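Dear colleague,

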Amino acid sequence: MKFLIILGMMSSAALWGQQAPKGDAKNGQKLFESYGCYQCHGHVGQGGAGARIAPKPIPWAAFSKYVRHPLDQMPPYTEKVVPDNQLADIYAYLETIPAPPAAKSVPLLNNQ
């Protein structure tokens, strides 16, 4: 029994360390818009009705698993709906989104 638990933990760790496939960020941005991801996650992944997914999206394996089998109200996007290469493009787009500036670096926010 202990062996099965350890084996499961090892395979899970290997999955989480999996590198994202190479994707095309420009195409990913188009797909993000055309699939309507922006409707819940915002145009730059900032969140809204859905979770904030940028900058720095979750690891590829977790992202892919969640998109395919979401836990909350997000509909599942199976491989028939969003092929793996397109999902990799969307992930590549999310990785290109820069972090917002720190509040203290925005002059208007510091004039009190």
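The notes below go from the overall fold to the core and then to the pocket.

Please keep in mind throughout that this is a predicted model. The chain has 6 helices and 0 strands, so that its pattern, read along the sequence, is α-α-α-α-α-α. Among the contacts with a separation of 6 or more, 60% are between residues 24 or more positions apart.

The largest nonpolar core holds 17 residues, and those touching the most other members are F32, W60, F63, L87, I90 and L94. Two or more residues of this core come from each of α2 (25-34), α4 and α5, with α5 giving the largest share, namely 6 residues. As for L87, once its neighbours within four places in sequence are left aside, this residue is in contact with W60, F63, S64, V67, R68 and V82.

The largest pocket contains about 610 Å³ of space. It is lined by 27 residues, of which H41, A51, I53, Y66 and M74 are the closest to its centre. At least two lining residues are supplied by each of α3 (38-41), α4 (60-68) and α5 (84-96), and the lining as a whole divides into 19 nonpolar, 5 polar and 3 charged residues.

With best wishes

Definitions and conventions
Residues are numbered from 1 along each chain as its sequence is written. This is a predicted model: local features need pLDDT of at least 70, side-chain atom pairs count only at pLDDT 80 or more; totals for chains, interfaces and linings use all residues. Side-chain values use heavy atoms; hydrogens and water are left out. On a 1 Å grid over the protein atoms alone, a cavity is a set of points where a 1.4 Å probe fits but cannot get out, and a pocket is an open set with protein on both sides within 12 Å along at least five of seven lines; lining residues have an atom within 4 Å of a point. Grid points are joined across faces, edges and corners, and a volume is the space filled by probe spheres set on the points. Helices (H or I, at least four residues) and strands (E, at least two) are DSSP runs, numbered from the N terminus. Ala, Val, Leu, Ile, Met, Phe, Trp, Tyr, Cys and Pro count as nonpolar, Asp, Glu, Lys and Arg as charged, and the others, Gly among them, as polar. A nonpolar core is a set of buried Ala, Val, Leu, Ile, Met, Phe, Trp, Tyr and Cys residues joined through side-chain atoms within 4.5 Å. Buried means under 20% relative accessible area, exposed over 50%, partly exposed in between (1.4 Å probe, protein chains only). Contact means heavy atoms within 4.5 Å.
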